[in-house]
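Let's walk through this model together, starting with how its parts are oriented. Have the sequence and the 3D view at hand as you read.

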Amino acid sequence: YPLCALAVSDERPKKREEIVIEQAAMEAQLLEIEDKILKLMASSTGNILDDESLITALNRSKETSNVIEKSMAQAAQVMAQIKMVREQYAWLSAMCANLFFCVADMGNVDPMYQYSLDWFLNLYRRAIDRAEKTKEKNNTSA
């Protein structure tokens with residue numbers, strides 16, 4: 001639903017992209033922690049329970065992992081909210097897609113009525129910008 005994404009991006013600009021980037025960074029950090037632990041365990045000699053540096057690294061890794069998990073849980077909540085907002089605009093996206101194809105078919109009537117997707121998207125953006133802002137969205141499918 002590209003039209004839905006345009007409408008949602010007006011309401012929550014760049015939030016989804018930021019979260020995706022943050023989640024990727026957190027996942028990479030978790031992988032680094034796992035690799036570090038595995039490297040320390042592989043290089044450890046003797047009883048691993050007696051290796052103070054390994055135990056310290058494990059404790060720090062556990063704390064960092066807990067912080068990352070909390071951040072990822074918060075990000076998941078925000079993503080769920082964004083998904084809910086997108087679902088509220090799904091009807092709009094479907095209606096606008098139908099409208100675009102009606103406008104595109106007008107070129108079959110007379111070549112003078114040929115309009116591009118860019119023209120339609122600009123019209124759509126202007127309509128969003130000029131629309132009255134409300135606090136509550138209605139799920140109108142009629």
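Are α4 and α5 oblique or parallel to each other? Before we settle that, a word on the ground rules. This is a predicted model, in which local features need pLDDT of at least 70 and side-chain atom pairs count only at pLDDT 80 or more, while totals for chains, interfaces and linings use all residues. Residues are numbered from 1 along each chain as its sequence is written, and side-chain values use heavy atoms, leaving out hydrogens and water.

The protein chain holds five helices and zero strands, where helices are DSSP runs of H or I with at least four residues, strands are E runs of at least two, and numbering starts at the N terminus.

Now back to the question. Helix α4 (residues 90–109) packs with α5 at an angle of about 140 degrees, and their axes are 11 Å apart. Here axes are lines fitted to C-alpha atoms, for helices over the stretch in contact, and angles run from 0 to 180 degrees between N-to-C directions. The two helices α4 and α5 are therefore oblique to each other; angles under 35 degrees count as roughly parallel, over 145 as roughly antiparallel, 65 to 115 as roughly perpendicular, and the rest as oblique.

Take α4 by itself next. Its 20 residues reach 30 Å from first C-alpha to last, close to the 28 Å expected at 1.5 Å a residue, the expected span being 1.5 Å times one less than the number of residues. Buried in α4 are L92, S93, C96, F100, V103 and G107, with buried meaning under 20% relative accessible area, exposed over 50%, and partly exposed in between (1.4 Å probe, protein chains only). Seen down the axis of α4, these buried residues fall within an arc of 95 degrees, so they line one face of the helix; the arc is that of the directions from the helix axis to the C-beta atoms. On the other side of α4, F101, C102, N108 and V109 are exposed.

Helix α5 (residues 117–130) can be read in a similar way. F120, L121, Y124 and I128 are buried in α5. They cover an arc of only 100 degrees around the axis, which puts them on the same side of α5. The face turned away from that buried side carries the exposed residues D118, D129 and R130.

Finally, look at helix α2 (residues 15–43) and helix α3 (residues 52–88), which pack at an angle of about 160 degrees with their axes 10 Å apart. That makes α2 roughly antiparallel to α3.
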